[in-house]
Amino acid sequence: MRIECVELIHYGIPLRVPLAVSFGVQTRREGLFAVLHAEGLTGWGECPIIEGYSYETLTTAWHVAADLLIPGLLGRDIAEPEEVEPLLRHVRGHPFARSMLEMAAWDLTAQRDGLSFARKLAAPYPEGARQRVKTGISIGIQPETGLRGVIAGYLEQGYERVKLKIKPGHDLAPARLARREFPDLKLMLDANSAYTLADVGVFQAMDDLELLMIEQPLAHDDIFEHSRLRPQIATPVCLDESIRNAHDVQVAAALAACDIVNIKTARVGGWIEGRRIHDLCLNHGLKVWIGGMVETEIGTAAKVAMAALPGVTMHSDIAVSHERFAIAVAEPFTLNADDSTVTVPTRPGLGITIDTDAIAHITLRRETFAGGSHATRA
Ligand code: MG
């Protein structure tokens, strides 16, 4: 498929409820889309950057995509996403920018093949893609007043697993409250790197709470200290920010630094690397699930494809986006309340109908790149 032109779109969507994480509060979701055009088909990719999560910002991702990655794709004949990955690898780092373009290539080639993204991604596995993927809900950093009601509300909707974000000074009390009020709840905590090894006592005090996991308790770029923390606590340790690629999984497994890995395809640079991580985790006896980056319906559809891989056995974070966004860019995913799942789209590619009027409404900036090896901007 010859890549005829590529569009970059900077979008901004108001959030219904501000999102609090350990490094700030978000009220509007901004991100990027890339659209690949080839043979009358369009493939969509999303770059769900949360500024502060890593060194990538919307400005760096736009620059890297526009000036370094897209020129190498224009005019190229591409048969499979595996051929796109090396064309993006000449840029070191910048995984969010690279994953956006790789995602668009998956959507494009899956449409050509008449396959869903999930089926195409799961092609190497005899059991194929799941039809439904288990999901939980991440409820951010919540004040203790009202926490019981917030959790009860999500359980009523049908979510089986709840993730609380914690930070120093706001950790043991909400975790204990949640456990006391909901003794059988599948409950996990995410620290987003807010602690150090000196805080081991906080985590030991959680040993009797029967948590599914504590996610990324220590530094965002650390594996070694997690290997020191893990034998001192009963709660399984999950690595999120620290796992940037399959190599990091090998290091984490060799050091016995974690029990569980959260795969975020943007963080690891795409679906091909994500699948390598999935396979490595299975080989090393590590459990995997798919994390969220507050994606739109477009990014969610691709995330669901990742979560449909057969080795993803834990609940992923596939929050249904109409709960968060004031504007939907495609038909929203809905929760199957009977089994806390989201149904995997079966139509070709992402398998959703993208609302171009909605896209126009949320577009802050749009550029089209076309031509041979040199991009011309319209
Ligand atoms: Mg996390």
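**Close-up views of the domain interface and the magnesium site**

**View 1. Lys 120 and Glu 80 form a salt bridge, with N and O 2.6 Å apart.** A salt bridge here is a side-chain nitrogen of Lys or Arg within 4 Å of a carboxyl oxygen of Asp or Glu. Between domain 1 and domain 2 there are five salt bridges. The model is predicted, so local features need pLDDT of at least 70 and side-chain atom pairs count only at pLDDT 80 or more, while totals for chains, interfaces and linings use all residues. Residues are numbered from 1 along each chain as its sequence is written, and side-chain values use heavy atoms, with hydrogens and water left out.

**View 2. The protein chain is assigned two domains: domain 1 (5-114 + 353-376) and domain 2 (120-343).** These bounds come from an automatic or database domain assignment. Taken over C-alpha atoms, the domain centres are 24 Å apart. In contact (heavy atoms within 4.5 Å) are 40 residues of domain 1 and 38 residues of domain 2. The two domains bury about 3300 Å² between them, 66% of it on carbon and sulfur atoms; buried area is the accessible area (1.4 Å probe) lost when two parts are put together, summed over both.

**View 3. Six elements of domain 1 each give two or more residues to the side that touches domain 2: strands S1 (5-21), S2 (24-38) and S3 (41-47), and helices H2 (81-88), H3 (95-113) and H12 (356-362).** Helices (H or I, at least four residues) and strands (E, at least two) are DSSP runs, numbered from the N terminus. H3 gives the most, with eleven residues.

**View 4. The magnesium ion is coordinated by Asp 190 (OD), Glu 215 (OE) and Asp 240 (OD), at 2.1 to 2.4 Å.** Donors are N, O and S atoms within 2.8 Å of the metal (3.2 Å for Na, K and Ca); water is not among the atoms, so sites may look incomplete. Along the chain the donors follow the spacing D-x24-E-x24-D.
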